[in-house]
Amino acid sequence: MTKENYERQLTIEDIQLISILFGELDENIKIIEEKLNIKIALKQDKITIVGDEVSVTMGEELIEELLKIIKVQKRLSKQELNYTIQLVLEGKGERVKDLLNDVICITSSGKSIKPKTLGQKRYVDSIKNNDLVFGIGPAGTGKTYLAMAMAVNAFKNKEVNRIILTRPAVEAGESLGFLPGDLKDKVDPYLRPIYDALFDILGFDTYLRLMERGLIEVAPLAYMRGRTLDSAYIILDEAQNTTNEQMKMFLTRMGFGSKAIITGDITQIDLSKGQVSGLVTASKVLAQVKGIGICNLTKHDIVRHPLIQRIIEAYEKYENKK
């Protein structure tokens, strides 16, 4: 056969697998055809792939890896489809299996939480193997959500006695006084993303019960000063908006039996001009310290709407031109 019409056939006897693979109105196959520059046809239980030899080989590998996902999950999301295509194009298709069975915990609605990219897998593994971890990366990479899931899992397994979640309450210095209402009213808007993640993972009733018992604490970073936190899972979110002094204060709060996760996006620093991000400094100062993991996530680890990755790429191009 010529380079242009190389052909290969795959036999798949399970009609349900084929249905999930192809997607509604064959939308998954259309994406695969476009990304790999191949043509795919289905006749009974046989899938035919046509294109040049390299592309057809990748197409065959891609379909085999996607079927592994479908057999485990009984579904295939667009994020999983696009990420598997990316891995195959990079020659890493065999790594898909690393993401299939690493379930962190089950949400109140029965959804499995697990790493969806190799970067997220490295992040979760780093949390498992270190007492202090920095998760640094752009929006949508699951930095906070995965840290929350790990904290809930550790709490359920009685590895810690409580979960403490914190972030800078106001980006430019935690100046709460000008806001209306009592302390809770002032602080809550800045902690809302943390609440949302907790509600999703635990369910509202469980969350309220644990809050009332003091087993989950959500507080602005300023309220960590002077405390020693033993047997706790501590998460500092939006850490790019801490000063060097705030970061050092937080890092020295850890007590015996505690684990701390620090998350942030160094491309979205909201500190006032002249102030240096404590996250940027700490990730450099502590890079070689034993027991500390520093995990850098990238745009390839984004698991939100596909537009997020394109937006970040567009801003990168714009800022590189400046």
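In which sense, parallel or antiparallel, do strands S7 and S8 pair, and over how many bridges? In this predicted model, strand S7 (residues 162-167) and S8 run parallel, with 5 bridges between them. Ile164 of this pair stands opposite Glu217 in S8.

The wider setting is as follows. The protein chain contains 11 helices and 11 strands. Its C-alpha atoms fill a box of roughly 75 × 50 × 40 Å along the principal axes. Of its 322 residues, 49% count as buried. Among contacts between residues at least 6 apart in sequence, 70% join residues at least 24 apart.

S7 and S8 belong to an open sheet of 6 strands. The strand order is S8-S7-S9-S10-S6-S11, and the pairing is parallel. Strand S8 (216-220) and strand S11 (292-296) stand at the edges. Each has a single partner strand, so one side of each is left without a neighbour in the sheet. On average, neighbouring strands here are turned by 15° against each other, direction ignored.

Helix H10 (residues 278-285) packs on this sheet. H10 touches strand S6 (132-136), strand S10 (259-264) and S11. The direction of H10 makes about 125° with that of S6. Four residues of H10 are buried: Gly278, Leu279, Ala282 and Ser283. Seen down the helix axis, these buried residues fall within an arc of 125°, so they line one face of H10. Their cover includes S6, helix H9 (244-251), S10 and S11. Lys284 and Val285, on the other side of H10, are exposed. The N-terminal end of H10 is capped by Ser277. A side-chain oxygen of Ser277 lies 3.2 Å from the backbone nitrogen of Leu279, and Leu279 is one of the buried residues of the helix.

The largest nonpolar core has 36 residues. Tyr123, Leu165, Leu198 and Tyr233 touch the most other members. The largest share, 9 residues, comes from H6.

Tyr123 has contacts well beyond its own stretch of sequence. A second, separate core holds 32 residues. Among them are Ile49, Leu87, Val96 and Leu99.

Another open sheet has 3 strands, in the order S1-S3-S2. Its pairing is antiparallel. Strand S1 (6-11) and strand S2 (39-43) are the edge strands, and each pairs on one side only. Neighbouring strands of this sheet are turned by 20° against each other on average, direction ignored. S1 is joined to strand S3 (residues 46-51) by 6 bridges. Within this antiparallel pair, Tyr6 stands opposite Gly51 in S3.

Key
Residues are numbered from 1 along each chain as its sequence is written. This is a predicted model: local features need pLDDT of at least 70, side-chain atom pairs count only at pLDDT 80 or more; totals for chains, interfaces and linings use all residues. Side-chain values use heavy atoms; hydrogens and water are left out. Two strands pair if DSSP finds at least two bridges between them. Helices (H or I, at least four residues) and strands (E, at least two) are DSSP runs, numbered from the N terminus. Axes are lines fitted to C-alpha atoms, for helices over the stretch in contact, and angles run from 0 to 180 degrees between N-to-C directions. Contact means heavy atoms within 4.5 Å. Buried means under 20% relative accessible area, exposed over 50%, partly exposed in between (1.4 Å probe, protein chains only). The arc is that of the directions from the helix axis to the C-beta atoms. A polar contact is a pair of N or O atoms within 3.5 Å; within protein, one must be able to donate a hydrogen and the other to accept it, and residues adjacent in sequence count only if both atoms are side-chain atoms. A nonpolar core is a set of buried Ala, Val, Leu, Ile, Met, Phe, Trp, Tyr and Cys residues joined through side-chain atoms within 4.5 Å. Lists of a residue's contacts leave out its neighbours within four places in sequence.
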